[in-house]
Every structure is written in C-alpha cells, then in structure tokens.
Amino acid sequence: RAAQRGATVVTLTLSSEQQTLARKRIAESGLTDRISVELRDYRSERGTYDAVVSVEMIEAVGHEFLPAYFATIDRVLALGGRAGIQAISMGHERMQASLGTYTWINKYIFPGGFIPSLRLVDEVLAEHTSLHVAERFDFGLHYAETLRLWRERFDALDTRPLGFDEVFDRMWRFYLGYSRAGFASGYLDVSQLV
C-alpha cells in the first residue's frame, strides 16, 4: 500500500520461500520498481528510513533480543521518522510468570516465541533507545473475532489434498480456539504502537 502511494519500500525476510512469493506478488502488482524484498536479518539492516513498520514480528524476536530489535529500529529510523509496530502482548505479571516456561505454543506453533508486556516494551525503549510510544491502539477483542472467522474458514477446508492430516487439523483448531479465548478473555491483547 505504501508503494502504491509513492513510497519506496524495502522489506526484509529470513525466508527464501516468502521472498519468492512476495516478489511474485509485487511483480503482479506492477510495483517492482518501488519495492525490494531482501533476504537478511533485520539486525544487519544499514539503511535509513522515514518509516519502519513491523507487524507481529516482535513475538518472534525473543525476550533476550528485544533490546537489539528496538535498537535496530532506532538506528535505521531517520530523524523525525516514525515506527509503527503491531504487537501481541500480555499483562506484565503474566509475562514474567511465563518467562523460562516451555508451553504447547512454544513446542508446536511458535518455537522461540515470546509475548511481551507493553510495560516491558516501554522499559526496553527507555533503556536502549531514544524512542518512546507516542500513540497506542488496542484491539484484542477484534482479534478474537478475527480468530473466530479464521476458524470458520479453516473448518470449511479439506486440508488432505494439501498434505495435512487429522492430527494437524486438530492441532490447528486447538490453536485457533486457544488464541481466540486468550484475546476474548483479555489474557492477550494486540496493539498498534507509534
């Protein structure tokens, strides 16, 4: 969308498959002159940008790498630039209690994943960057509805031709229900931070 509005976009991924698919979709949109998809770790980025957008990547960074994640955003952001981050979060006390645990989600869905608290985000920003949260929009209940819709669509699929078995189907249904319950109950939230 940013490229359609005239921006020059650089996007980063660690997945060659994701890079290939993204490049195909970009070519189909006619925007190859405005968007590049680079195969590299975000910490290796050396450009300078007016804006940085990170959508639910923070959960894959891990607790120990949050300072490097935010320091990288701070380093590549041009003076006066803005960063937009969409992040799943949980309450600070819950986050602290989950540190060092190995959950079903860690084992089967998001190995190495970590859901931060927004308090931790504020603390890391203050300690490791010149950044601060200027705006915040929370929409966890909306995300619960999104997960309900994803489950409906998944239930309507026959995944066998795609190579998935009944065990996968049950696990994915459990994951969607488990996540929906987390957002509906307020145990989890999702926020857009500027």
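This is a predicted model: local features need pLDDT of at least 70, side-chain atom pairs count only at pLDDT 80 or more; totals for chains, interfaces and linings use all residues.
Helix 8 has 20 residues and spans 28 Å from its first C-alpha to its last, close to the 28 Å expected at 1.5 Å a residue.

**Helix 8 and its ends**

- The buried residues in helix 8 are D169, Y175, L176, S179, G182 and F183. Seen down the axis of helix 8, these buried residues fall within an arc of 160°, so they line one face of the helix.
- The cover over the buried residues of helix 8 includes strand 4, helix 5, helix 7 and strand 6.
- At the N-terminal end, helix 8 is capped by D165, which places a side-chain oxygen 3.3 Å from the backbone nitrogen of V167.
- Just after helix 8 comes G186, a residue that takes a positive phi of about 90°.

- In soluble globular proteins, nonpolar side chains tend to be buried together.
- Leaving out residues up to four places away in sequence, F70 touches I58, I85, V121, V124, L125, T129 and L131.

**Helix 6 and its two faces**

- Helix 6 has L118, L120, V121, V124 and L125 as its buried residues. Viewed down the axis of helix 6, they fall within an arc of 155°, so the buried residues line one face of the helix.
- On the face of helix 6 turned away from its buried side are the exposed residues A126 and E127.
- Packed against the buried residues of helix 6 are helix 2, helix 3, strand 4, helix 4 (92–98), strand 5 (136–138) and strand 6.

**Salt bridges**

- The structure holds 13 salt bridges. Side chains of opposite charge can pair when their charged atoms come close.
- R40 and E38 form a salt bridge in which the closest N and O atoms are 3.7 Å apart. R40 is partly exposed, with a relative accessible area of 28%, and E38 likewise counts as partly exposed, at 24% relative accessibility.
- A network of salt bridges links E38, R40 and E45.
- In helix 7, E152 and R148 lie four residues apart, about one turn of the helix, and their side chains meet in a salt bridge at 2.3 Å, N to O. Both of these residues are partly exposed, E152 at 44% relative accessibility and R148 with a relative accessible area of 24%.
- Another salt bridge joins D155 and R151, with the closest N and O atoms 3.0 Å apart. Because they are four residues apart in helix 7, D155 and R151 are separated by about one helical turn. D155 counts as partly exposed at 37% relative accessibility, and R151 is partly exposed with a relative accessible area of 30%.
- An α-helix has 3.6 residues a turn, so residues three or four places apart point the same way.

**The surroundings of N106**

- N106 has its place in helix 5, which covers residues 104–108, and N106 is buried, with a relative accessible area of 12%.
- The side chains of N106 and T103 are joined by a polar contact of 2.9 Å, while the side chain of N106 also reaches the backbone oxygen of G113 at 3.2 Å.
- Setting aside its neighbours within four places in sequence, N106 is in contact with T101, P111 and G113.

Technical notes:
Residues are numbered from 1 along each chain as its sequence is written. Side-chain values use heavy atoms; hydrogens and water are left out. Contact means heavy atoms within 4.5 Å. A salt bridge is a side-chain nitrogen of Lys or Arg within 4 Å of a carboxyl oxygen of Asp or Glu. Buried means under 20% relative accessible area, exposed over 50%, partly exposed in between (1.4 Å probe, protein chains only). A polar contact is a pair of N or O atoms within 3.5 Å; within protein, one must be able to donate a hydrogen and the other to accept it, and residues adjacent in sequence count only if both atoms are side-chain atoms. The expected span of a helix is 1.5 Å times one less than its number of residues. The arc is that of the directions from the helix axis to the C-beta atoms.
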